[in-house]
Amino acid sequence: MTLSWVQDFARELLEGLDDEDIPQTALAIACGKDNFARLKSAAVVLCNETADETVDALDELLTMSCAALALATGALILCWRQFTVDTHILRSLTHLDASTCVEAVGLLDRALIITGGAGRFDAIHFLIAKIQSDFAPSFTSVQFPLRPQTDSIATTEPLSAHLRLPSLPEPPSLSLFRTKFCREPFVLRGYAKDWPAVSERPWRSLEYLRSISGPGRVVPVEVGSDYRTADWSQKLLGWDEFLVSLSSPSSDGPLYLAQHNMFIQFPQLREDIVVPDYVYTAPSAPLTYPTYVPPGNEEQLVLNTWLGPKGTISPAHTDPYFNVYVQVVGSKSVWLAPPESSEYMYSYRSPLQPTNEVSEHKEPSMSNTSRVDVFCTTVDTQYPDFWERVVPRASFVTLEPGDVLFFPPGWWHAMRANDISFSVSMWF
């Protein structure tokens, strides 16, 4: 028996799908009239009763739409995002009961992760909260320590950096930042210490992180401490299970929630941070990175979160944007080198280093990643140009909760969590 509120929601969705003037509908139709007809057919059935063949049809549409979205380019990306999110929503509501509620929330989370919500953001969050509320006894309860404790990694200066990154005595004005300080990295100690995420709504509390999500949520995690290694992988994992793994390591290796916009999945966390005005100053392209263009979204700002246990590493790499990087929980070691070091960084496509099995099996984006372990404790003689040309001009700094690091596009940077660490990056 289909729940009455599910039928009501399906009818409202079907009403929208009948109106080709609605932007979401027009996008879904662009994925093919036959595909759109199958999607509408599933919504019609859900308005009444759920047949087993509808489940099979939606599962086929899920597989097809995710594959198409992965290959889409240009305007088709928006079309397949819309089709994919609508398919996930309908499938999550099919045969919804106490035995399928956990899977339903997981499907809705997957829609947020894959598509960002694609015009159904508020609807997805309504459905997640409704399912969590209606089927509360069916979700497993998890108890967490308020402040998980781990032994920190010693923050001795690495062999690979001869310089200490400067901390400014006070925040620069927006005008000075745009004309002068945006050209070099710097640290503002304690700049974010009054963020709710650091103070009254502390992200260091696992209970708080669980309270803003509710049960049954899933997140995308990296498995392994370093994405350059052959045993590194990615998967979707229960949010509760991931939080437990921060202080009780998984048998599969460290789990790292890296470069993920958690604010899409957990909007309440967005209220816990304060985006600095520096990100809206529209700095010009640096001389050392003349190809810079800001992010292509409406706000020209990309927010990402980074949450993981002690020892997780982001190896030395470059990004194409200005970056305001805020340390919220725990301590993190950061290594930086200027763009002119690129020739000697032994990236995976560098002429200094022949291709190998690992580089051949990585995405093209690995070309912005160095093979050098900048946190090594002994000099690695495989990379002589790095030690001779890069190390003398490389910098090192340790970030504590509330500290803010800024660096321009094209700068090489590597991060290592010295204990359980939660950070926010802002690309602009």
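Reply: Directly after helix H6, Gly 116 has a positive phi of about 75°. The model is a predicted one, in which local features need pLDDT of at least 70 and side-chain atom pairs count only at pLDDT 80 or more, while totals for chains, interfaces and linings use all residues. Numbering starts from 1 along each chain as its sequence is written, and side-chain values use heavy atoms, with hydrogens and water left out.

H6 covers residues 101-115. Helices (H or I, at least four residues) and strands (E, at least two) are DSSP runs, numbered from the N terminus. The end C-alpha atoms of H6 are 21 Å apart, which agrees with the 21 Å that its 15 residues should span at 1.5 Å a residue. The expected span is 1.5 Å times one less than the number of residues.

Which residues of H6 are buried? They are Cys 101, Ala 104, Val 105, Gly 106, Leu 107, Leu 108, Asp 109, Ala 111, Leu 112 and Thr 115. Buried means under 20% relative accessible area, exposed over 50%, and partly exposed in between (1.4 Å probe, protein chains only). An α-helix has 3.6 residues a turn, so residues three or four places apart point the same way.

The cover over the buried residues of H6 includes helices H4 (52-71), H5 (76-93), H7 (121-134) and H11 (262-265), together with strand S3 (218-223). Past the end of H6, Ala 118 sits in the loop between H6 and H7.

H5, one of the covering helices, has 18 residues, which should span 26 Å at 1.5 Å a residue; the end C-alpha atoms of H5 are 26 Å apart, in agreement. H5 is largely enclosed by the rest of the structure, because 14 of its 18 residues are buried. After H5 comes His 95, with a positive phi near 55°.

His 88 counts as buried because its relative accessible area is 0%.

The rest of the chain gives the setting. The protein chain contains 13 helices and 13 strands. Its radius of gyration is 23 Å, close to the 22 Å from the globule rule for 428 residues, so the chain is as compact as a globular protein of that length. That radius is taken over C-alpha atoms, and the rule is 2.2 Å times the number of residues to the power 0.38. Along the principal axes, the C-alpha trace spans about 70 × 45 × 45 Å. Buried residues account for 54% of the 428. Of the contacts with a separation of 6 or more, 79% join residues 24 or more positions apart.

Note on methods. Contact means heavy atoms within 4.5 Å.
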